[in-house]
Amino acid sequence: QQQASTAERGAAAAQPAPCRSMSVPDSLKTVTPYVRRAIEVEKTGDPRAYVVAYYCRTHAMEQALALSKDGRREADVQTFLIKMMNQLEESKRQHPDLSDSARSEEIVEGFAVEKLAEAEEEYLNELADKNTARRYYAAASFFEVLTAFREDKVLDEATKKQSLFAKWRATNILKALKNGERPVPTEEELSRARSQKSGGDVEEDDEDDADLLPPPAPSSTPTPRFTPPKRAGYASSSEEDEAPPSRRSASRHRAPARRQYSNDDDEVGNSGVTESQKKDALEYARFAVRALQTDDVAMARSHLESALRELNA
C-alpha cells in the first residue's frame, strides 16, 4: 500500500501544473481572456481540458507576439512570453497527442459549440444571469481560439458569426441586468428553439431584412444530445465592456463529427523523424517566424532551437 501511495504521488507530480499565477502585462491586456479561459478550463476536470487550455495559451501567445512587434519590448512582456512558451513546451511533452492538429481542432470546436449550447439553454429557459453572460463570453473566446489552426490566422465567416453572436447575447443580458430587467427570450427565439427540438426546419429571415434584425438564436444549436459536464464558472473580464457587434444573422452551428484516429503520427519516415515530431518542429518554426517579424531575435532563436530538438530527437 505504501508503494502504491508513492506511485500515485509520483503520477500526480507528473501532471502539468496549471499556471494560475501568471500575470498578464498591462500592454497585453487583450490576451487576458484567453489566459483566463485556459486556467478556468483546467479547473473543470474535463478530460478535454488540456487540449482546450493548450490552444487558448497558443492563441494568447500568438496575439501577444503580434501586439509587441515594435521591437521595444518591456521586461514584463518578455518574461510573460518566455513563461508562456515554456508552459506550451511542457504541455507538449506531457501530451504528445497535442500534435494531432485535426483532432485538437475538433475538440476545441466541439467544446466551443457545447458551451454556447449550454448558455443558450439557460437563456431560453429564462434562467439567464451574470454567469450566463460569462458563459457566452467564454464560448466566444473558444471560437476565436480556432484561429490557432488557420494558416492565415483568420476565422472563416461562419465561426466569426458564432463568436459575434455569443458576445452580442452576453452584452444584451448584462445590459438588461444593469437596467434592473430580466433577460428573457423573445417569442421568435422560443419558436426557433421549439422547432429545433421537434426536428423541424427553421425558416430563414428574408435576406434583405437580415441586417435590420438582431442575430437570432443559432438555428443549429439544438439541445445537446450529450450529458453536459458540470458547468464551469467563468471569471469576469474586460470583455464585458465590449459593445455588441453590428446586427446580422447568425450562422448555423454544427458539432464536428466524431472520428477514430490511428497512430499514423508515430510512424517513422525515411528521414528517421516521426510525423508528430515534424508537426511540433513546424509549430516552433512558425513561432520563430512570428518572433523575427517583431524583431525579437532571442525569442526566434529559442523557438528554432526547440524545432531542431524535435528533429534531432
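**Contacts, core and salt bridges**

Colleague: Leaving aside its neighbours within four places in sequence, which residues is His59 in contact with?

Modeller: Contact means heavy atoms within 4.5 Å. Neighbours of His59 within four places in sequence are set aside. What remains in contact with His59 is Tyr34, Glu144, Val145 and Thr147.

Colleague: What are the ground rules here?

Modeller: This is a predicted model, in which local features need pLDDT of at least 70 and side-chain atom pairs count only at pLDDT 80 or more, while totals for chains, interfaces and linings use all residues. Residues are numbered from 1 along each chain as its sequence is written, and side-chain values use heavy atoms, with hydrogens and water left out.

Colleague: Is His59 buried or exposed?

Modeller: Buried means under 20% relative accessible area, exposed over 50%, and partly exposed in between (1.4 Å probe, protein chains only). His59 lies in helix H3; helices (H or I, at least four residues) and strands (E, at least two) are DSSP runs numbered from the N terminus. His59 has a relative accessible area of 4%, so it is buried.

Colleague: Which residues does Tyr136 touch, not counting residues up to four places away in sequence?

Modeller: Tyr136 is among the core members that touch the most others. Residues up to four places away are not counted. Tyr136 then touches Leu116, Ala119, Glu120, Tyr123, Ala166, Arg169, Ala170 and Ile173.

Colleague: Which helices do the buried residues of H2 pack against?

Modeller: Nine of the 11 residues of H2 are buried, so H2 is largely enclosed by the rest of the structure. The buried set is Thr32, Pro33, Tyr34, Val35, Arg37, Ala38, Ile39, Glu40 and Val41. They pack against H3, H4, H5 and H6.

Colleague: How far apart in space are Ser141 and Arg37, C-alpha to C-alpha?

Modeller: Ser141 lies in helix H6. Its relative accessible area is 0%, so Ser141 is buried. Ser141 and Arg37 are 104 residues apart in sequence, yet their C-alpha to C-alpha distance is 7.7 Å.

Colleague: At roughly what angle do the axes of H5 and H7 cross?

Modeller: Two packed helices are described by the angle between their axes and the distance between the axes. Axes are lines fitted to C-alpha atoms, for helices over the stretch in contact, and angles run from 0 to 180 degrees between N-to-C directions. The axes of H5 and H7 come within 12 Å and cross at roughly 35 degrees.

Colleague: Which residues of H7 make that contact with H5?

Modeller: The axes of the pair come within 12 Å. H5 brings Leu116, Glu120 and Tyr123. H7 brings Phe165, Ala166, Arg169 and Ile173.

Colleague: Which residues does Leu177 touch, not counting residues up to four places away in sequence?

Modeller: Leu177 lies in helix H7 and is partly exposed, at 34% relative accessible area. Leu177 and Asp129 are 48 residues apart in sequence and 7.6 Å apart in space, C-alpha to C-alpha. With residues up to four places away not counted, Leu177 touches Asp129, Lys130 and Pro183.

Colleague: How far apart are the closest N and O atoms of Glu118 and Lys115?

Modeller: A salt bridge is a side-chain nitrogen of Lys or Arg within 4 Å of a carboxyl oxygen of Asp or Glu. Glu118 and Lys115 both lie in helix H5, three residues apart, about one turn of the helix. Glu118 is buried at 1%, and Lys115 is buried at 4%. Their salt bridge has its closest N and O atoms at 3.5 Å.

Colleague: Which residue does Asp97 meet in a salt bridge?

Modeller: The whole structure holds 19 salt bridges. Asp97 is partly exposed at 29% relative accessibility. At 3.1 Å, N to O, its side chain meets that of Arg103.

Notes. A nonpolar core is a set of buried Ala, Val, Leu, Ile, Met, Phe, Trp, Tyr and Cys residues joined through side-chain atoms within 4.5 Å.
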